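Try each task before you turn to its solution.

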Amino acid sequence: MDRGTVGSAQSGRLRVEVREEGPSAVVTPAGELDHHTADLLREPLESCLDKGFTRLVVDCSRLEFCDSTGLNVLLGVRLRAESAGGGVHLAGMLPAVARVFEITGADAVFTVHDTLEAALGD
């Protein structure tokens, strides 16, 4: 598998790493995803789509918090990925983040995996 690093972005509350893993772009946000940090995730996700990756895997194992703004970033990117014939897979959500997806029903529109390995193997 290709494990080339594509890039990273950082603020005091959110760090986002991006790497290529075979046909997928793996995006790993770490910290808090909210109104103030949403663009730090939106920009690399959209950049991956612009580069031709239609299968995005978001490794949520280090995402500690996600509010409605963060959720909207993921929903918007999902629509764009699906219109290009791909999708967004979420992996390894911590309980607090998973709860936001459950409460809003967003877990029903994403492919959710327990682990990153499971998402990459799907």
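Helices (H or I, at least four residues) and strands (E, at least two) are DSSP runs, numbered from the N terminus, and the expected span of a helix is 1.5 Å times one less than its number of residues. The model is predicted, so local features need pLDDT of at least 70 and side-chain atom pairs count only at pLDDT 80 or more, while totals for chains, interfaces and linings use all residues. Residues are numbered from 1 along each chain as its sequence is written, and side-chain values use heavy atoms, leaving out hydrogens and water.

**Exercise 1.** Compare the span of helix H1 with the expected span.

*Solution.* Begin with the extent of H1, which covers residues 38-50 and has 13 residues. Next, take the reach from its first C-alpha to its last, which is 18 Å and close to the 18 Å expected at 1.5 Å a residue. Finally, look past the end of the helix, where H1 is followed by Gly52, whose phi is positive, near 105°.

**Exercise 2.** Find which residues of H1 are buried (under 20% relative accessible area, with a 1.4 Å probe and protein chains only).

**Exercise 3.** Describe the order of elements in the chain and its overall extent.

*Solution.* The chain has four helices and seven strands, which run β-β-β-α-β-β-α-β-α-β-α from the N terminus on. As for extent, the C-alpha atoms fill a box of roughly 30 × 30 × 25 Å, taken along the principal axes. Of the 122 residues, 45% count as buried.

Definitions and conventions
Buried means under 20% relative accessible area, exposed over 50%, partly exposed in between (1.4 Å probe, protein chains only).
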